[in-house]
Amino acid sequence: MNLERALKRYFGYTSFRKGQKEVITSLLERRDVFAMLPTASGKSLCFQLPALLTEGVTIVVSPLLSLMEDQVQQLRSEGLKRVVAINSFLSTEERQDVFAKLDTYKLIYVSPEMLQSEFVLRKLASLRISFFVVDEAHCISQWGYDFRPDYLRLGEVRKQLGNPPCLAITATAPPLVQDDICQKLNMDRPLKWIDSIDRPMLSYFVVTCQTNAEKMEKLTALLLTLDGPGLIYFSSRLEAERCAEALKEKGIHRIAYYHGGLVTEERLLIQQQFMYGELDVICCTSAFGMGINKKNIRYIIHYHYPPSLEAYVQEVGRAGRDQKESVAIILYCEDDRNVARTLAEGKTLSVDEWKDVLRFVSQCNTWEQVEESAVKNLSCDDVFLRMLHYQLERNRVLVEKTIRPFPFASLAETLFQFQEKERQKRLARLEAMERWLHNASCRRKGMLEYFGETTTHLEKRTSCCDRCGASLPVFERKRERTRSLPSWQETLESICHVGKETM
(Lines give C-alpha, C1' and ligand atoms only; values in the text may rest on other atoms or scores of the structure.)
Protein backbone atom coordinates (compact mmCIF):
# COMPACT_ATOMS: atom_id res chain seq x y z
CA MET A 1 0.00 0.00 0.00
CA ASN A 2 1.36 3.39 -1.00
CA LEU A 3 0.69 5.55 2.06
CA GLU A 4 1.94 8.74 0.44
CA ARG A 5 -0.56 8.32 -2.38
CA ALA A 6 -3.36 7.73 0.14
CA LEU A 7 -2.23 10.79 2.12
CA LYS A 8 -2.42 12.94 -1.01
CA ARG A 9 -5.80 11.48 -2.02
CA TYR A 10 -7.59 11.98 1.28
CA PHE A 11 -5.84 14.97 2.88
CA GLY A 12 -3.95 16.71 0.06
CA TYR A 13 -0.51 16.42 1.73
CA THR A 14 2.54 15.17 -0.16
CA SER A 15 4.60 13.95 2.79
CA PHE A 16 4.21 12.75 6.38
CA ARG A 17 5.41 14.60 9.44
CA LYS A 18 7.78 12.95 11.86
CA GLY A 19 6.21 9.92 13.54
CA GLN A 20 3.01 9.83 11.50
CA LYS A 21 4.00 7.15 9.02
CA GLU A 22 5.53 4.92 11.71
CA VAL A 23 2.36 5.04 13.84
CA ILE A 24 0.08 4.47 10.83
CA THR A 25 2.16 1.54 9.56
CA SER A 26 2.10 -0.16 12.97
CA LEU A 27 -1.67 0.24 13.26
CA LEU A 28 -2.19 -1.21 9.79
CA GLU A 29 -0.07 -4.17 10.92
CA ARG A 30 -2.68 -4.68 13.68
CA ARG A 31 -0.34 -3.68 16.51
CA ASP A 32 -1.23 -1.76 19.66
CA VAL A 33 0.51 1.63 19.63
CA PHE A 34 1.26 4.29 22.23
CA ALA A 35 2.24 7.55 20.53
CA MET A 36 3.41 10.78 22.10
CA LEU A 37 3.65 13.45 19.43
CA PRO A 38 3.98 17.18 20.09
CA THR A 39 1.07 19.55 19.76
CA ALA A 40 0.41 20.61 16.15
CA SER A 41 2.26 17.57 14.77
CA GLY A 42 -0.86 16.13 13.12
CA LYS A 43 -1.83 13.53 15.73
CA SER A 44 -5.37 13.13 14.37
CA LEU A 45 -4.12 12.01 10.97
CA CYS A 46 -2.41 9.04 12.67
CA PHE A 47 -5.81 7.39 13.18
CA GLN A 48 -7.92 9.10 10.53
CA LEU A 49 -5.91 7.76 7.59
CA PRO A 50 -5.82 4.12 8.83
CA ALA A 51 -9.58 4.34 9.44
CA LEU A 52 -10.14 5.31 5.81
CA LEU A 53 -7.82 2.57 4.51
CA THR A 54 -9.35 -0.29 6.51
CA GLU A 55 -12.62 -2.19 6.32
CA GLY A 56 -14.87 -1.54 9.31
CA VAL A 57 -15.40 1.27 11.80
CA THR A 58 -12.85 3.12 13.93
CA ILE A 59 -14.00 4.17 17.42
CA VAL A 60 -12.37 7.38 18.64
CA VAL A 61 -12.68 8.15 22.37
CA SER A 62 -12.48 11.92 22.79
CA PRO A 63 -12.61 13.92 26.05
CA LEU A 64 -14.56 17.01 25.00
CA LEU A 65 -17.64 17.75 22.92
CA SER A 66 -15.87 20.69 21.28
CA LEU A 67 -12.93 18.50 20.29
CA MET A 68 -15.24 15.89 18.71
CA GLU A 69 -17.26 18.48 16.84
CA ASP A 70 -14.13 20.26 15.60
CA GLN A 71 -12.64 17.07 14.15
CA VAL A 72 -15.92 15.91 12.63
CA GLN A 73 -16.54 19.28 10.96
CA GLN A 74 -12.95 19.44 9.71
CA LEU A 75 -13.21 15.99 8.10
CA ARG A 76 -16.56 16.83 6.51
CA SER A 77 -15.15 20.06 5.12
CA GLU A 78 -12.43 17.97 3.45
CA GLY A 79 -15.10 15.87 1.77
CA LEU A 80 -15.02 12.91 4.17
CA LYS A 81 -18.69 12.49 5.05
CA ARG A 82 -18.72 9.07 6.73
CA VAL A 83 -17.89 10.43 10.18
CA VAL A 84 -20.10 11.18 13.18
CA ALA A 85 -19.93 12.18 16.83
CA ILE A 86 -22.40 10.49 19.17
CA ASN A 87 -23.07 13.07 21.86
CA SER A 88 -25.70 15.29 23.45
CA PHE A 89 -25.68 17.66 20.47
CA LEU A 90 -27.73 15.13 18.49
CA SER A 91 -31.46 15.67 18.46
CA THR A 92 -33.75 12.68 18.98
CA GLU A 93 -34.33 12.44 15.23
CA GLU A 94 -30.62 12.76 14.41
CA ARG A 95 -29.75 10.15 17.04
CA GLN A 96 -32.24 7.68 15.58
CA ASP A 97 -30.90 8.30 12.08
CA VAL A 98 -27.29 7.78 13.19
CA PHE A 99 -27.99 4.46 14.90
CA ALA A 100 -30.07 3.26 11.96
CA LYS A 101 -27.05 3.55 9.65
CA LEU A 102 -24.21 3.06 12.14
CA ASP A 103 -22.37 0.54 9.96
CA THR A 104 -21.99 3.08 7.14
CA TYR A 105 -19.57 5.29 9.09
CA LYS A 106 -15.78 5.02 9.04
CA LEU A 107 -15.09 7.08 12.19
CA ILE A 108 -17.35 7.30 15.24
CA TYR A 109 -16.38 9.77 17.97
CA VAL A 110 -17.64 9.10 21.51
CA SER A 111 -16.85 10.13 25.08
CA PRO A 112 -15.84 7.60 27.78
CA GLU A 113 -19.18 8.26 29.49
CA MET A 114 -21.16 7.50 26.32
CA LEU A 115 -19.44 4.11 26.16
CA GLN A 116 -21.05 3.21 29.50
CA SER A 117 -24.48 3.23 27.85
CA GLU A 118 -25.57 -0.38 27.38
CA PHE A 119 -27.52 0.60 24.28
CA VAL A 120 -24.56 2.41 22.66
CA LEU A 121 -22.10 -0.35 23.55
CA ARG A 122 -24.40 -3.06 22.23
CA LYS A 123 -24.83 -1.18 18.94
CA LEU A 124 -21.07 -0.64 18.55
CA ALA A 125 -20.30 -4.27 19.44
CA SER A 126 -22.46 -5.40 16.52
CA LEU A 127 -20.12 -3.62 14.09
CA ARG A 128 -16.81 -4.67 12.63
CA ILE A 129 -14.37 -2.53 14.64
CA SER A 130 -11.09 -1.73 12.87
CA PHE A 131 -9.35 0.29 15.58
CA PHE A 132 -10.01 1.57 19.11
CA VAL A 133 -8.42 5.00 19.52
CA VAL A 134 -8.05 7.05 22.69
CA ASP A 135 -7.30 10.64 21.71
CA GLU A 136 -5.70 12.88 24.38
CA ALA A 137 -4.85 9.65 26.21
CA HIS A 138 -3.18 11.46 29.12
CA CYS A 139 -6.75 12.09 30.38
CA ILE A 140 -6.80 8.46 31.56
CA SER A 141 -4.27 9.29 34.27
CA GLN A 142 -5.07 12.99 34.64
CA TRP A 143 -8.86 12.71 35.00
CA GLY A 144 -9.71 9.04 35.45
CA TYR A 145 -8.77 8.77 39.11
CA ASP A 146 -10.42 12.01 40.15
CA PHE A 147 -13.65 12.88 38.39
CA ARG A 148 -14.01 10.85 35.16
CA PRO A 149 -13.68 7.22 36.27
CA ASP A 150 -15.17 6.00 32.99
CA TYR A 151 -11.70 6.57 31.53
CA LEU A 152 -10.50 3.74 33.77
CA ARG A 153 -13.10 1.40 32.25
CA LEU A 154 -11.89 1.78 28.66
CA GLY A 155 -9.86 -1.42 28.80
CA GLU A 156 -13.02 -3.38 29.61
CA VAL A 157 -14.96 -1.50 26.90
CA ARG A 158 -12.29 -2.42 24.37
CA LYS A 159 -12.59 -6.06 25.41
CA GLN A 160 -16.36 -5.97 24.87
CA LEU A 161 -15.74 -4.60 21.37
CA GLY A 162 -13.55 -7.58 20.49
CA ASN A 163 -10.12 -6.19 21.45
CA PRO A 164 -9.42 -4.32 18.19
CA PRO A 165 -5.92 -2.84 17.73
CA CYS A 166 -5.58 0.15 20.06
CA LEU A 167 -3.92 3.52 19.59
CA ALA A 168 -3.38 5.75 22.62
CA ILE A 169 -2.14 9.15 21.46
CA THR A 170 -1.22 12.30 23.38
CA ALA A 171 1.19 15.23 23.42
CA THR A 172 2.39 14.83 27.02
CA ALA A 173 2.99 11.84 29.25
CA PRO A 174 6.04 11.16 31.42
CA PRO A 175 7.23 7.53 31.54
CA LEU A 176 5.10 6.45 34.53
CA VAL A 177 1.97 7.90 32.93
CA GLN A 178 2.79 6.13 29.65
CA ASP A 179 2.90 2.81 31.48
CA ASP A 180 -0.33 3.57 33.33
CA ILE A 181 -2.16 4.36 30.08
CA CYS A 182 -0.97 1.15 28.39
CA GLN A 183 -1.98 -0.91 31.44
CA LYS A 184 -5.46 0.64 31.73
CA LEU A 185 -6.14 -0.06 28.04
CA ASN A 186 -4.88 -3.67 28.32
CA MET A 187 -2.42 -3.09 25.50
CA ASP A 188 -0.43 -6.09 24.31
CA ARG A 189 3.29 -5.27 23.95
CA PRO A 190 2.53 -1.89 22.37
CA LEU A 191 4.89 -0.17 20.02
CA LYS A 192 5.89 3.13 21.64
CA TRP A 193 6.62 6.11 19.46
CA ILE A 194 7.84 8.90 21.73
CA ASP A 195 8.81 12.24 20.23
CA SER A 196 10.31 15.19 22.09
CA ILE A 197 8.02 17.61 23.91
CA ASP A 198 10.38 20.44 23.03
CA ARG A 199 8.75 23.41 21.28
CA PRO A 200 11.73 25.29 19.78
CA MET A 201 9.60 28.30 18.82
CA LEU A 202 8.52 28.90 22.44
CA SER A 203 10.39 31.09 24.93
CA TYR A 204 9.65 30.65 28.64
CA PHE A 205 9.39 33.37 31.29
CA VAL A 206 8.45 33.50 34.97
CA VAL A 207 7.65 37.03 36.12
CA THR A 208 7.62 37.45 39.91
CA CYS A 209 4.97 39.71 41.47
CA GLN A 210 4.81 40.71 45.13
CA THR A 211 1.04 41.21 45.26
CA ASN A 212 -2.02 40.39 43.20
CA ALA A 213 -2.41 44.11 42.45
CA GLU A 214 1.08 44.15 40.95
CA LYS A 215 0.23 41.01 39.00
CA MET A 216 -2.79 42.75 37.49
CA GLU A 217 -0.67 45.76 36.55
CA LYS A 218 1.91 43.58 34.82
CA LEU A 219 -0.78 41.60 33.03
CA THR A 220 -2.35 44.79 31.71
CA ALA A 221 1.03 46.08 30.51
CA LEU A 222 1.74 42.78 28.75
CA LEU A 223 -1.58 42.76 26.93
CA LEU A 224 -1.04 46.32 25.74
CA THR A 225 2.34 45.45 24.23
CA LEU A 226 2.49 41.74 23.34
CA ASP A 227 1.75 40.67 19.81
CA GLY A 228 -1.39 38.53 19.88
CA PRO A 229 -3.72 36.71 19.89
CA GLY A 230 -3.27 34.95 23.22
CA LEU A 231 -4.71 32.97 26.13
CA ILE A 232 -4.61 33.75 29.86
CA TYR A 233 -5.07 30.75 32.16
CA PHE A 234 -6.64 30.91 35.63
CA SER A 235 -7.26 28.25 38.26
CA SER A 236 -10.57 29.89 39.23
CA ARG A 237 -13.70 30.53 37.16
CA LEU A 238 -14.49 33.61 39.22
CA GLU A 239 -11.00 35.05 38.70
CA ALA A 240 -11.22 34.49 34.94
CA GLU A 241 -14.49 36.44 34.83
CA ARG A 242 -13.31 39.18 37.16
CA CYS A 243 -10.04 39.68 35.32
CA ALA A 244 -11.69 39.82 31.88
CA GLU A 245 -14.05 42.56 33.06
CA ALA A 246 -11.24 44.48 34.75
CA LEU A 247 -9.10 44.35 31.60
CA LYS A 248 -11.96 45.70 29.51
CA GLU A 249 -12.12 48.71 31.83
CA LYS A 250 -8.38 49.21 31.31
CA GLY A 251 -8.75 49.49 27.54
CA ILE A 252 -8.24 45.86 26.49
CA HIS A 253 -10.98 45.08 23.97
CA ARG A 254 -11.90 41.98 21.98
CA ILE A 255 -11.56 39.93 25.17
CA ALA A 256 -13.85 37.31 26.75
CA TYR A 257 -13.83 34.75 29.54
CA TYR A 258 -14.38 31.01 29.18
CA HIS A 259 -14.87 28.18 31.69
CA GLY A 260 -16.81 24.98 32.20
CA GLY A 261 -19.61 26.81 34.01
CA LEU A 262 -20.85 28.45 30.82
CA VAL A 263 -23.63 26.79 28.89
CA THR A 264 -22.55 24.80 25.83
CA GLU A 265 -23.81 27.39 23.34
CA GLU A 266 -21.82 30.17 25.05
CA ARG A 267 -18.64 28.10 25.04
CA LEU A 268 -18.99 27.20 21.36
CA LEU A 269 -19.66 30.83 20.42
CA ILE A 270 -16.54 32.06 22.23
CA GLN A 271 -14.43 29.34 20.63
CA GLN A 272 -15.67 30.27 17.16
CA GLN A 273 -15.15 34.00 17.77
CA PHE A 274 -11.57 33.31 18.85
CA MET A 275 -10.90 30.95 15.93
CA TYR A 276 -12.15 33.52 13.39
CA GLY A 277 -10.25 36.46 14.88
CA GLU A 278 -13.24 38.26 16.37
CA LEU A 279 -11.65 37.93 19.82
CA ASP A 280 -7.95 38.46 20.58
CA VAL A 281 -7.73 37.38 24.22
CA ILE A 282 -9.48 34.66 26.23
CA CYS A 283 -9.34 34.59 30.04
CA CYS A 284 -9.94 30.92 30.67
CA THR A 285 -9.60 27.89 32.89
CA SER A 286 -8.06 24.63 31.73
CA ALA A 287 -11.43 23.85 30.09
CA PHE A 288 -10.32 25.95 27.08
CA GLY A 289 -7.79 24.89 24.50
CA MET A 290 -8.02 21.16 23.89
CA GLY A 291 -9.02 20.80 20.25
CA ILE A 292 -8.62 24.52 19.51
CA ASN A 293 -6.38 24.37 16.46
CA LYS A 294 -5.64 28.08 16.02
CA LYS A 295 -2.22 28.33 14.44
CA ASN A 296 -1.29 31.96 15.21
CA ILE A 297 -1.60 32.13 19.00
CA ARG A 298 1.43 34.20 19.97
CA TYR A 299 1.38 34.05 23.77
CA ILE A 300 0.14 31.97 26.68
CA ILE A 301 0.02 33.71 30.06
CA HIS A 302 -0.65 31.85 33.30
CA TYR A 303 -2.20 34.15 35.88
CA HIS A 304 -2.04 31.16 38.24
CA TYR A 305 0.60 28.50 37.68
CA PRO A 306 -0.79 25.10 36.66
CA PRO A 307 -0.89 22.03 38.95
CA SER A 308 1.75 20.07 37.00
CA LEU A 309 4.34 20.28 34.27
CA GLU A 310 2.15 17.92 32.25
CA ALA A 311 -0.68 20.46 32.31
CA TYR A 312 1.76 23.29 31.59
CA VAL A 313 3.20 21.62 28.49
CA GLN A 314 -0.33 20.92 27.21
CA GLU A 315 -1.42 24.53 27.67
CA VAL A 316 1.65 26.35 26.33
CA GLY A 317 1.67 23.96 23.36
CA ARG A 318 -1.31 25.87 22.00
CA ALA A 319 0.98 28.76 21.04
CA GLY A 320 3.13 28.88 17.93
CA ARG A 321 1.46 26.14 15.94
CA ASP A 322 2.53 28.03 12.79
CA GLN A 323 6.13 27.49 13.97
CA LYS A 324 6.67 31.23 14.47
CA GLU A 325 8.25 32.61 17.65
CA SER A 326 5.86 32.73 20.60
CA VAL A 327 6.09 33.23 24.33
CA ALA A 328 4.87 31.49 27.51
CA ILE A 329 4.72 33.61 30.66
CA ILE A 330 3.84 32.69 34.23
CA LEU A 331 2.95 35.56 36.58
CA TYR A 332 4.14 34.16 39.89
CA CYS A 333 3.06 35.41 43.30
CA GLU A 334 3.79 33.68 46.61
CA ASP A 335 0.11 33.98 47.53
CA ASP A 336 -0.68 31.57 44.69
CA ARG A 337 0.95 28.70 46.57
CA ASN A 338 -2.01 28.35 48.93
CA VAL A 339 -4.46 28.26 46.02
CA ALA A 340 -2.41 25.63 44.21
CA ARG A 341 -2.03 23.51 47.34
CA THR A 342 -5.76 23.63 48.08
CA LEU A 343 -6.63 22.50 44.55
CA ALA A 344 -4.06 19.69 44.66
CA GLU A 345 -5.33 18.46 48.01
CA GLY A 346 -8.82 18.17 46.56
CA LYS A 347 -11.89 17.08 48.46
CA THR A 348 -10.98 13.95 50.37
CA LEU A 349 -12.98 11.91 52.88
CA SER A 350 -11.66 10.58 56.15
CA VAL A 351 -12.03 6.88 57.00
CA ASP A 352 -15.01 7.71 59.24
CA GLU A 353 -16.66 9.72 56.47
CA TRP A 354 -16.18 6.80 54.09
CA LYS A 355 -17.77 4.53 56.68
CA ASP A 356 -20.83 6.78 56.80
CA VAL A 357 -21.14 6.71 53.00
CA LEU A 358 -20.72 2.94 52.81
CA ARG A 359 -23.09 2.35 55.71
CA PHE A 360 -25.70 4.19 53.68
CA VAL A 361 -24.85 2.12 50.56
CA SER A 362 -25.15 -1.13 52.53
CA GLN A 363 -28.79 -0.29 53.30
CA CYS A 364 -29.64 -0.21 49.57
CA ASN A 365 -30.30 -3.17 47.31
CA THR A 366 -29.56 -1.57 43.92
CA TRP A 367 -27.54 1.27 42.48
CA GLU A 368 -30.78 3.02 41.50
CA GLN A 369 -31.71 3.23 45.19
CA VAL A 370 -28.29 4.68 46.02
CA GLU A 371 -28.64 7.24 43.23
CA GLU A 372 -32.19 8.26 44.12
CA SER A 373 -31.48 9.20 47.72
CA ALA A 374 -27.72 9.88 47.85
CA VAL A 375 -27.94 13.55 46.90
CA LYS A 376 -30.44 14.24 49.68
CA ASN A 377 -28.88 12.02 52.35
CA LEU A 378 -25.19 12.46 51.57
CA SER A 379 -25.18 15.95 49.98
CA CYS A 380 -22.96 14.65 47.18
CA ASP A 381 -22.73 15.73 43.54
CA ASP A 382 -22.64 13.84 40.25
CA VAL A 383 -18.83 13.72 40.21
CA PHE A 384 -18.72 11.95 43.57
CA LEU A 385 -21.49 9.56 42.52
CA ARG A 386 -19.56 8.56 39.39
CA MET A 387 -16.46 7.86 41.46
CA LEU A 388 -18.46 5.95 44.08
CA HIS A 389 -20.07 3.85 41.35
CA TYR A 390 -16.64 3.02 39.92
CA GLN A 391 -15.20 2.07 43.32
CA LEU A 392 -18.16 -0.15 44.19
CA GLU A 393 -17.78 -1.97 40.86
CA ARG A 394 -14.02 -2.21 41.22
CA ASN A 395 -14.37 -3.80 44.67
CA ARG A 396 -17.14 -6.18 43.54
CA VAL A 397 -19.74 -4.59 45.78
CA LEU A 398 -21.84 -3.46 42.84
CA VAL A 399 -22.41 -6.35 40.43
CA GLU A 400 -24.92 -6.03 37.60
CA LYS A 401 -26.54 -3.03 39.33
CA THR A 402 -27.10 -5.01 42.55
CA ILE A 403 -25.46 -4.16 45.89
CA ARG A 404 -23.86 -7.21 47.44
CA PRO A 405 -23.27 -7.59 51.21
CA PHE A 406 -19.84 -6.24 52.18
CA PRO A 407 -17.79 -5.26 55.26
CA PHE A 408 -18.07 -1.48 55.01
CA ALA A 409 -15.45 -0.80 57.70
CA SER A 410 -12.60 -2.53 55.83
CA LEU A 411 -13.76 -1.16 52.47
CA ALA A 412 -13.75 2.36 53.95
CA GLU A 413 -10.07 1.92 54.79
CA THR A 414 -9.37 0.63 51.25
CA LEU A 415 -11.09 3.60 49.61
CA PHE A 416 -9.38 6.06 51.93
CA GLN A 417 -5.98 4.60 50.99
CA PHE A 418 -6.83 4.79 47.28
CA GLN A 419 -7.87 8.42 47.65
CA GLU A 420 -4.77 9.22 49.70
CA LYS A 421 -2.49 7.66 47.09
CA GLU A 422 -4.01 9.85 44.37
CA ARG A 423 -3.71 12.93 46.58
CA GLN A 424 -0.01 12.25 47.08
CA LYS A 425 0.45 11.90 43.32
CA ARG A 426 -1.18 15.29 42.75
CA LEU A 427 0.99 16.91 45.40
CA ALA A 428 4.14 15.34 43.91
CA ARG A 429 3.27 16.75 40.48
CA LEU A 430 2.59 20.17 42.03
CA GLU A 431 5.93 20.12 43.86
CA ALA A 432 7.73 19.27 40.61
CA MET A 433 6.02 22.27 39.00
CA GLU A 434 7.09 24.55 41.86
CA ARG A 435 10.68 23.30 41.70
CA TRP A 436 10.71 24.15 38.01
CA LEU A 437 9.44 27.67 38.78
CA HIS A 438 12.26 28.32 41.24
CA ASN A 439 15.05 26.43 39.48
CA ALA A 440 17.94 28.70 38.53
CA SER A 441 18.97 26.71 35.46
CA CYS A 442 17.50 26.61 31.94
CA ARG A 443 13.73 26.17 32.02
CA ARG A 444 13.63 24.19 28.77
CA LYS A 445 16.27 21.78 30.07
CA GLY A 446 14.40 21.23 33.34
CA MET A 447 11.15 20.55 31.49
CA LEU A 448 12.68 18.03 29.11
CA GLU A 449 14.44 16.17 31.91
CA TYR A 450 11.16 15.84 33.82
CA PHE A 451 9.74 14.00 30.81
CA GLY A 452 12.74 11.69 30.69
CA GLU A 453 14.46 13.31 27.72
CA THR A 454 18.21 13.72 27.35
CA THR A 455 19.31 17.33 26.98
CA THR A 456 22.89 16.97 25.76
CA HIS A 457 21.73 18.05 22.28
CA LEU A 458 20.37 21.41 23.47
CA GLU A 459 22.23 24.44 22.24
CA LYS A 460 22.47 27.60 24.30
CA ARG A 461 20.31 30.32 22.74
CA THR A 462 19.21 33.74 23.92
CA SER A 463 15.58 33.17 22.89
CA CYS A 464 15.26 30.07 25.10
CA CYS A 465 14.02 31.41 28.46
CA ASP A 466 14.54 34.11 31.07
CA ARG A 467 17.29 31.98 32.66
CA CYS A 468 19.19 31.93 29.36
CA GLY A 469 18.96 35.67 28.72
CA ALA A 470 15.73 35.90 26.71
CA SER A 471 14.01 39.27 26.81
CA LEU A 472 10.27 39.95 26.72
CA PRO A 473 10.53 43.19 24.66
CA VAL A 474 11.50 41.01 21.67
CA PHE A 475 7.89 39.79 21.60
CA GLU A 476 6.28 43.21 21.98
CA ARG A 477 4.67 45.13 19.17
CA LYS A 478 5.43 48.80 18.96
CA ARG A 479 2.13 50.63 19.07
CA GLU A 480 0.38 53.33 21.00
CA ARG A 481 -1.95 52.46 23.82
CA THR A 482 -5.25 51.21 22.35
CA ARG A 483 -7.84 53.98 22.40
CA SER A 484 -11.13 53.00 23.99
CA LEU A 485 -13.70 52.01 21.39
CA PRO A 486 -16.60 54.48 21.03
CA SER A 487 -19.96 53.62 22.54
CA TRP A 488 -22.89 52.84 20.26
CA GLN A 489 -24.31 56.28 21.07
CA GLU A 490 -21.08 57.99 19.93
CA THR A 491 -21.00 55.87 16.78
CA LEU A 492 -24.62 56.76 15.98
CA GLU A 493 -23.94 60.45 16.59
CA SER A 494 -20.97 60.29 14.25
CA ILE A 495 -23.00 58.64 11.48
CA CYS A 496 -25.87 61.10 11.81
CA HIS A 497 -23.61 64.15 12.44
CA VAL A 498 -25.54 64.83 15.64
CA GLY A 499 -24.07 67.68 17.68
CA LYS A 500 -21.57 68.63 14.97
CA GLU A 501 -21.57 71.87 13.02
CA THR A 502 -22.24 71.47 9.32
CA MET A 503 -19.62 72.83 7.00
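# A guided tour from helix H10 to the cysteines

Begin by selecting Lys-218 and Glu-214, whose side chains form a salt bridge with the closest N and O atoms 3.0 Å apart; a salt bridge here is a side-chain nitrogen of Lys or Arg within 4 Å of a carboxyl oxygen of Asp or Glu. The model is a predicted one, in which local features need pLDDT of at least 70 and side-chain atom pairs count only at pLDDT 80 or more, while totals for chains, interfaces and linings use all residues. Residues are numbered from 1 along each chain as its sequence is written, and side-chain values use heavy atoms, with hydrogens and water left out.

Both Lys-218 and Glu-214 belong to helix H10, where they sit four residues apart, about one turn of the helix. An α-helix has 3.6 residues a turn, so residues three or four places apart point the same way. Helices (H or I, at least four residues) and strands (E, at least two) are DSSP runs, numbered from the N terminus. Lys-218 is partly exposed at 29% relative accessibility, and Glu-214 is partly exposed at 21%; buried means under 20% relative accessible area, exposed over 50%, and partly exposed in between, with a 1.4 Å probe and protein chains only.

**Along the chain from H10**

Select Gly-228 and Pro-229 next, and look at the peptide bond from the one to the other, which is cis with omega near 5°. Pro-229 is found in the loop between H10 and S9. Most residues other than glycine have a negative phi, and most peptide bonds are trans.

Now select residues 237–249, which make up helix H11, a run of 13 residues that reaches 19 Å from its first C-alpha to its last, close to the 18 Å expected at 1.5 Å a residue; the expected span is 1.5 Å times one less than the number of residues. Colour Ala-240, Cys-243, Ala-244, Ala-246 and Leu-247, the buried residues of H11. Because they cover an arc of only 170° around the axis, they lie on the same side of H11, the arc being that of the directions from the helix axis to the C-beta atoms. These buried residues pack against helix H10 (212–225), strand S9 (230–233), strand S10 (255–258) and strand S11 (281–284), whereas the face of H11 turned away from its buried side carries the exposed residues Leu-238 and Glu-249.

After H11 comes Gly-251, with a positive phi near 95°.

Ser-236 is also one of the residues touched by Thr-285, together with Tyr-233, Phe-234, Arg-237, Tyr-258, His-259 and Gly-260, not counting residues up to four places away in sequence; contact means heavy atoms within 4.5 Å. Thr-285 lies in the loop between S11 and strand S12 (299–302) and counts as buried at 9% relative accessibility.

**Positive phi away from glycine**

Asn-163 is not a glycine, yet its phi is positive at about 50°. Select it in the loop between helix H8 (154–160) and strand S6 (166–170), where Asn-163 is partly exposed at 41% relative accessibility. Glu-400 also has a positive phi, near 50°, and lies in the loop between strand S14 (398–399) and strand S15 (402–403), exposed with a relative accessible area of 75%.

**Two further salt bridges**

Select Asp-195 and Lys-18, whose side chains meet in a salt bridge (3.3 Å, N to O). The pair links distant parts of the chain, 177 residues apart, with Asp-195 in the loop between strand S7 (191–194) and S8 and Lys-18 in the loop between helix H1 (3–11) and helix H2 (20–28). Asp-195 is buried at 12% relative accessibility, while Lys-18 is exposed at 57%.

Then move to Asp-466 and Arg-443, which meet in a salt bridge (2.7 Å, N to O). Asp-466 lies in the loop between helix H19 (443–450) and helix H20 (488–496) and Arg-443 in helix H19, so the pair ties together parts that are 23 residues apart in sequence.

**Last stop: the cysteines**

A search of the whole structure finds zero disulfides, a disulfide being a pair of cysteine sulfur atoms within 2.5 Å. Select Cys-465, which is in no disulfide although the sulfur of Cys-468, the nearest cysteine sulfur, is 3.7 Å away. For Cys-46, the closest cysteine sulfur is that of Cys-166 at 14 Å, too far for a bond.
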